[in-house]
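Here is a colleague's note for someone new to reading protein models. Keep the sequence and the structure side by side as you go.

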Amino acid sequence: MKNILIALSVAVAGVGLGAPASRAETAHHMMVSPAELKWADVPSLPPGVKIAVIEGPLNEAVPITFRLKFPADYKLPAHWHPGIEHVTVMSGTFNMGTGDKLDTTKTNPLSAGSVAIMAPKTQHFAWTREEAIVQVHGMGPWGINYVNPADDPRKK
């Protein structure tokens, strides 16, 4: 698991971490408009997803906030995270389910404004029919572990 977190840290470190230039800027307050977000690829997720880190860095034990933009017709295989994950749907419909294998018939459609809270190590999956943007927040470090290692795009 430590190797996965290190790999994620390296991958995210080069992501152009959103609007704030330093942690000192966020020590008091921060205001960010959607136009200021800097989107980048996410090596730890199947191709097509973009990330915009708002607060971080994701590889440290600090408060984190980031957005993920999923394209239409996207499937995110079953996975889990080492820490709690708070997900708020910003736009579109994000279909989530729990279990060890992606099953589109066993998901809840979460429309804009919906919230999902996943306890650490909860196996879950997601899919989209249309573009969807979600915001994730919690305490870092953030990491992703695939139930089936063959689903991990970092190993392909």
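1. Start with a definition. Rings of Phe, Tyr and Trp (its six-membered ring) pair if their centres lie within 6.5 Å; planes under 30 degrees apart count as stacked, over 60 as edge-to-face and the rest as tilted. With that in hand, look at Phe-70, Tyr-74 and Phe-94: they form one aromatic cluster.

2. A word on the source. This is a predicted model, where local features need pLDDT of at least 70, side-chain atom pairs count only at pLDDT 80 or more, and totals for chains, interfaces and linings use all residues. Residues are numbered from 1 along each chain as its sequence is written, and side-chain values use heavy atoms, with hydrogens and water left out.

3. Now the overall plan. The protein has one helix and eleven strands. Helices (H or I, at least four residues) and strands (E, at least two) are DSSP runs, numbered from the N terminus. Along the sequence the pattern reads α-β-β-β-β-β-β-β-β-β-β-β.

4. Next, burial. Of the 156 residues, 42% count as buried. Buried means under 20% relative accessible area, exposed means over 50%, and partly exposed lies in between (1.4 Å probe, protein chains only). The accessible surface comes to about 8100 Å², and carbon and sulfur atoms hold 56% of it. These areas come from the Shrake-Rupley method with a 1.4 Å probe; for residues, only the protein chains shown count as cover.

5. Two strands pair if DSSP finds at least two bridges between them. Look for Glu-55: its bridge partner in β3 is Thr-65.

6. Another open sheet has five strands. The order here is β7-β6-β9-β4-β11, again with antiparallel pairing. At the edges sit β7 (108-111) and β11, each pairing on one side only.

7. Stay with β4. Five of its six residues are buried, so the strand is mostly covered. β4 pairs with β9 (residues 124-127) in the antiparallel sense over three bridges, and Lys-75 stands opposite Trp-127 in β9. Two bridges join β4 to β11, and these strands also run antiparallel. Find His-79 opposite Tyr-146 in β11.

8. Which residues touch the most other members of the largest nonpolar core? They are Leu-45, Ile-51, Phe-66, Leu-68, Phe-70, Phe-94 and Val-134, out of 27 residues in this core. A nonpolar core is a set of buried Ala, Val, Leu, Ile, Met, Phe, Trp, Tyr and Cys residues joined through side-chain atoms within 4.5 Å. At least two core residues come from each of β2 (50-55), β3 (63-70), β5, β6 (93-98), β8 (115-118) and β10 (132-139). β3 gives the most, with four residues.

9. Take Val-134 as an example. Leaving aside neighbours within four places in sequence, Val-134 is in contact with several residues, including Phe-66, Leu-68, Phe-70, Val-87 and Phe-94. Contact means heavy atoms within 4.5 Å. Across the protein, among contacts between residues at least 6 apart in sequence, 70% join residues at least 24 apart.

10. Back to rings. A search of the whole structure finds three aromatic pairs. Phe-66 is buried, with a relative accessible area of 1%. Trp-142 is buried too, at 8%.

11. The charged end of Lys-69 sits over the ring of Trp-39, 4.4 Å from its centre. A charge sits over a ring if NZ of Lys or CZ of Arg is within 6 Å of the ring centre and within 35 degrees of the ring normal.

12. Last, a loop residue. Is Ile-84 buried or partly exposed? Ile-84 counts as partly exposed, because its relative accessibility is 37%. Ile-84 lies in the loop between β4 (75-80) and β5 (85-91). Beyond its neighbours within four places in sequence, Ile-84 is in contact with Ile-117, Met-118, Ala-119 and Pro-120.
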